[in-house]
Amino acid sequence: PKTDIVFLKVHKSASSTVMNILFRFGETHNLSFAFPLGGGFQLYYPHHFLARFVQGFSPQSPRRFNILCHHMRFLQPEVQKVVPSSAVYFSILRNPVQLMESSFVYYKGASAFSRVRSLEEFLSQPYRYYNPASGDRHYARNLMTFDFGFNPDGEVSPERVQLMLKAIEASFDFLLISEYFDESMVLLKEMLCWDLDSVVSFPLNTRDRSTKSPLPDSVVEKLKAWNRLDWEIYTHFNRTFWERIDRAIGRERMQREVRALRARQAELARTCLQGTGSVVPKDIKDSSLRPLQHGGARILGYNLKQGLGRELERTCRRLVTPELQYSSILYKKQFPPQPP
């Protein structure tokens, strides 16, 4: 199994669920994480990543960390200073139309969104609300392009798009697609030589359906045009994703593996969870399992069954622990507080 991993956690793309998988694998195999300084939750995002943002990094010591997976804006020469040279690099992408809709609800307080009632209103005159010089502009345009380290306001010439795609391909071993999450997990398992239970998950940091609304076609087209760089990244890597599956796994085996993954997830849900699945924040009984609520979104969570055995309770709890709480637990384990 591969144990040295860089995961670029792209915003609003099922990346919290992937992070939970990495946290569990790292904890089980006693691996070290490149945590943000002081146990924060982001690596000084939205600044480009620097090695000195990592707790325990020093230029003098050659210490390397196994897993880098907290939010950052990618800059490979700096990333290479904190992980072994053998590290596998991967990320996950999402259709930019749904990504922007999610971002609009979640980052409603961002300067570009705060004065509009709807995404339609924003897109009718984007430059009236969007300021390329504002520090939080990336939440409102080409968010994936930004997270990969590029300029979200860059021109969309064919040459520039090609350069960007080539740069991503040169840095990353593979990219997953959140719309095909189960297939992505099978591919992840294959690429990292992991077993099935290592990639099983319950969806985390997901929104209550009541805050989701379908977008009219006219808005969808405007969204694609406004997020053109993201659209180019997504369509290119959506295609190579399926090419990779055909090469590495084949469609028939993929179907079998996806069935096995879903069956195992259903089995764990029956074993671990009260009721049929996720619940709204006010119905989460254990406050340590309540996810952070942000913007206009209602983020769902889970209730565990009572009376589980100790080992099983631990397994189940790890599957549903929100990323901030889980990150804090692992940080304290890796950097135990010094007694006074």
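A residue is called buried when its relative accessible area is under 20%, exposed when over 50%, and partly exposed in between (1.4 Å probe, protein chains only). At 4% relative accessibility, F25 therefore counts as buried.

The model is predicted, so local features need pLDDT of at least 70 and side-chain atom pairs count only at pLDDT 80 or more, whereas totals for chains, interfaces and linings use all residues. Residues are numbered from 1 along each chain as its sequence is written, and side-chain values use heavy atoms, with hydrogens and water left out.

**Aromatic pairs**

Rings of Phe, Tyr and Trp (its six-membered ring) pair if their centres lie within 6.5 Å; planes under 30 degrees apart are stacked, those over 60 are edge-to-face, and the rest are tilted. Across the whole structure, the search finds 29 aromatic pairs. One of them joins F25 and W194: the ring centres are 3.6 Å apart and the planes stand at 10°, so this pair is stacked. Helices (H or I, at least four residues) and strands (E, at least two) are DSSP runs, numbered from the N terminus. F25 belongs to helix α1 (residues 15–28) and W194 to the loop between α8 (181–192) and α9 (217–226), so the pair ties together parts that are 169 residues apart in sequence. W194 is buried, at a relative accessible area of 6%.

A second pair is formed by F74 and Y89, whose ring centres are 6.2 Å apart with planes at 85°, so the arrangement is edge-to-face. F74 lies in the loop between β2 (67–68) and α2 (76–79), and Y89 in strand β3 (residues 88–93), so parts 15 residues apart in sequence are tied together. Both F74 and Y89 are buried.

**Charges over rings**

A charge sits over a ring if NZ of Lys or CZ of Arg is within 6 Å of the ring centre and within 35 degrees of the ring normal. Two such cases are tabulated.

| Charged residue | Ring | Distance from ring centre |
|---|---|---|
| K12 | Y106 | 3.4 Å |
| R73 | F146 | 3.7 Å |

**Buried residues and their contacts**

Contact means heavy atoms within 4.5 Å. S171, in helix α7 (residues 158–171), is buried at 15% relative accessibility. Leaving aside neighbours within four places in sequence, S171 is in contact with F74, Q76 and Y89. Q265, in helix α11, is likewise buried, with a relative accessible area of 15%; beyond four places in sequence, Q265 is in contact with D182, V199, V200, S201 and F202.

V280 is placed in the loop between α11 (251–272) and α12 (310–320) and counts as buried at 17% relative accessibility. With neighbours within four places in sequence left aside, V280 is in contact with D208, R298 and L300.

**Packing of α1 and α13**

The axes of α1 and helix α13 (residues 323–334) come within 10 Å and cross at roughly 25°. Axes are lines fitted to C-alpha atoms, for helices over the stretch in contact, and angles run from 0 to 180 degrees between N-to-C directions. Angles under 35 degrees count as roughly parallel, over 145 as roughly antiparallel, 65 to 115 as roughly perpendicular and the rest as oblique; α1 is therefore roughly parallel to α13. The contact involves S16, M19, N20, F23, R24 and E27 of α1 together with E323, Y326, S327, L330 and K333 of α13.
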